[in-house]
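Me: I've got a model open and I'd like to talk it through. Can you take my questions one at a time?

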Amino acid sequence: MNVALWIAAGVLAAVCLAGSFKMFVPQKKLAAMSSSAQWVLEFSPGALKAIGAVELLAAVGLILPAVLDIAPVLVPLAATGLVLLFACAVTMRLRRGEKSTIALDLIYLALAAFVAWGRFGPESFTG
């Protein structure tokens with residue numbers, strides 16, 4: 001199970017690292033990338049930068065504390081934060097009627113919940 005948790009954390013970290021580009025790309029350019037990216041127009045540029053920063057911190061928090069063995073309790077806390085982030089993403093997609101693009105958010109939500117559960121519980125780093 002430890003290997004599965006590391007794989008899930010790695011996938012989530014990669015997704016969050018890729019998503020953190022919201023901090024650097026202008027809002028209009030983000031919206032022009034695809035039809036499923038129109039959600040960015042509902043947020044201010046500052047809010048998008050904050051979301052990107054949260055994703056960057058989550059990517060770091062899922063991997064580095066455990067690898068460096070410095071405050072490894074941050075790993076399940078980062079995963080819990082991602083559960084909240086992806087729950088908000090699912091809610092936003094449902095509100096916007098984007099049911100066709102919700103599948104990935106649900107998968108990431110499930111992965112984050114799995115990592116949070118596994119690292120708080122049976123495979124915690126403090127056990």
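This is a predicted model: local features need pLDDT of at least 70, side-chain atom pairs count only at pLDDT 80 or more; totals for chains, interfaces and linings use all residues.

Me: How many residues in the lining of the largest pocket are nonpolar, polar and charged?
Reply: The largest pocket holds about 700 Å³ of space. There are 26 residues lining that pocket, and the closest to its centre are Lys22, Trp39, Glu55, Arg93 and Asp105. Sorted by class, the lining comes to 17 nonpolar, 4 polar and 5 charged residues.

Me: Which helix gives the most to that lining?
Reply: Helix 1, helix 2 (27-33), helix 3 (45-68), helix 4 (74-96) and helix 5 each put in at least two residues. The top contributor, with 7 residues, is helix 4.

Me: Is helix 1 parallel or oblique to helix 5?
Reply: Helix 1 covers residues 2-19 and helix 5 covers residues 102-120, and their axes sit 9 Å apart at an angle of about 135°. Angles over 145 degrees count as roughly antiparallel and 65 to 115 as roughly perpendicular. The angle here therefore makes helix 1, relative to helix 5, oblique.

Me: What is the handedness of the crossing of helix 1 and helix 5, and how do the residues of their contact divide by class?
Reply: The crossing of these two helices is left-handed. Helix 1 brings residues including Trp6, Leu12 and Val15, while helix 5 brings Tyr108, Phe114 and Arg119 among others. By class, the contact residues split into 13 nonpolar, 2 polar and 1 charged.

Technical notes
Residues are numbered from 1 along each chain as its sequence is written. Side-chain values use heavy atoms; hydrogens and water are left out. Axes are lines fitted to C-alpha atoms, for helices over the stretch in contact, and angles run from 0 to 180 degrees between N-to-C directions. Helices (H or I, at least four residues) and strands (E, at least two) are DSSP runs, numbered from the N terminus. Angles under 35 degrees count as roughly parallel, over 145 as roughly antiparallel, 65 to 115 as roughly perpendicular and the rest as oblique. A crossing is left-handed if the near helix is turned anticlockwise from the far one by less than a right angle, and right-handed if clockwise. Contact means heavy atoms within 4.5 Å. Ala, Val, Leu, Ile, Met, Phe, Trp, Tyr, Cys and Pro count as nonpolar, Asp, Glu, Lys and Arg as charged, and the others, Gly among them, as polar. On a 1 Å grid over the protein atoms alone, a cavity is a set of points where a 1.4 Å probe fits but cannot get out, and a pocket is an open set with protein on both sides within 12 Å along at least five of seven lines; lining residues have an atom within 4 Å of a point. Grid points are joined across faces, edges and corners, and a volume is the space filled by probe spheres set on the points.
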